[in-house]
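Please look over the sequence and the model below before reading on. The report is meant to be read alongside them.

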Amino acid sequence: MKRGISLLIVFFLLLSLSGCSGIYSNFRELERLLVIQTMGIDCAEEGVGISLASGAKSDGSSPVRLFSTGVSITSAIAHILSYSQEQELFLSHTGHVVLGEEAAQNGIRGYLSYICRSPNLRTDIPLYIVKGGTAQEAVMQVGDGSKGISEVLEAVRANVDERGDSKAFSASDLLRDLERNGSGLICAIECSPSIQEGGTKQEGDSGSSGTDSAERPDIGGGDEKQEKESQALTAAAVGYGVIRGDRLCAYIDKEQAIGVGLLLNIAGISDIVVKDRYATPVTLELDQGGSTIKPVWAEDGSLEMLDIQIKAAANIAEIGGGGHFGEPDYEDYLKAQLETAISERVSAVIRLSKTLQADFLGLGSIVEMDNAEKYRALGGDLASLLPELPVRISVSGQIKHTNDIRDEQA
């Protein structure tokens, strides 16, 4: 018996030494791989346009950017590989997926399906939509000579994770909300010229390769293209896109997005500008806040209203003129202004949800969890009831710290 085991061990050692791939059949040399970190998706005449971008390179050269179209995402990626000089694309490290506005308006189910089915992509990839633009513009033009869209989106994600005026929801988040509520949110970004100096491309630094159609490699460049490439672009979060069914139907701007953060209990640090009783601008830094949402049932079992209670606390970050903290009720007035500002933002989000009949806040799930039997008796999802459903909003605000040096000396 021992002799048989010894022979087996020798056999496997000989296989490994002979170069047989065996369990190492998936091994790939790093030098042969182009690691993709950002994927952009647009609609195109052929079907779909795909933009791919690597991350910044250790030698300081520009990230590689590639673009092509095809009847499907798979065929577009295959065409990129055929026309580019890269030996192999590695997609498993993709950290961001960017959707063009028109693509989102035409329907995103197919794109979400690809992300979920692909063995190379994770379902927790953050999704972004380019407000008023295309994914190709974002992937191919954002960045400077040493960094590209991947690094910019990493900064965007870190920023929105700390702030309360946006959030980078993942593909799985959106799929879950669409299946459960029929609507969901996606982080909206906007491409604009960078205010950072030194962001233009250096002469001879192309930073991209690929194809702009299924037939022709993207190796040319007219005056218009060169002019765009000479101006460095950046991307910034600008709120949310509302997906109803599978199509983009509206946007929520950054101010209203603060209301979304409070309603979903994901509020971070946000700045709210109000005016004191002397019409002096006061910047309040909202750093705590959340909501409690309760359904109010009538005696006959019908849903009478939704009661939304918001609590928020803010610090005074800046006051033009120094403020009047020695006066009675001055802070109380600012607290009332904070409550009004928050109420306006929350009310605007609720109005949009009612107007669109889109339950992107997941209110139906809250009602169902409160009383599943009564919820089933409503005879439909909450989205259809939203336009006629009364909503009561109350806000309780707090000024935690004035940041006034006179308070410290007292």
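The text that follows takes up strand pairing and then the nonpolar cores.

The model is a predicted one, and the description begins with strand 12, which spans residues 303-319. Because 12 of its 17 residues are buried, strand 12 is largely enclosed by the rest of the structure. Strand 12 pairs with strand 11 (residues 281-297) and also with strand 13 (residues 391-401), as set out here.

| Strand pair | Sense | Bridges | Residues standing opposite |
|---|---|---|---|
| Strand 11 and strand 12 | antiparallel | 15 bridges | E285 and N315 |
| Strand 12 and strand 13 | parallel | 10 bridges | D307 and R392 |

Strand 11 and strand 12 form a hairpin in which 5 residues lie between the two strands, and within that turn G301 has a positive phi of about 90°.

Turning to the nonpolar cores, the largest has 48 residues, and the members with the most contacts inside this core are I252, L263, I342 and F360. Helix 10, which covers residues 330-356, supplies the largest share of this core, with 10 residues. When residues up to four places away in sequence are not counted, I252 touches L185, V238, G239, Y240, V242, A257, V260, L352 and F360, so that F360, itself listed with I252 among the residues with the most contacts in the core, is one of the direct neighbours of I252 under the contact cut-off of heavy atoms within 4.5 Å.

Definitions and conventions:
Residues numbered from 1 in each chain as written. Predicted model: local features only at pLDDT ≥ 70, side-chain atom pairs only at ≥ 80, totals over all residues. Heavy atoms only, no water. Buried < 20%, exposed > 50% of the residue type's maximum accessible area, 1.4 Å probe, protein only. Helix = DSSP H or I, 4+ residues; strand = E, 2+ residues; numbered from the N terminus. Pairing = 2+ DSSP bridges. Core = buried A, V, L, I, M, F, W, Y, C linked by side-chain atoms within 4.5 Å.
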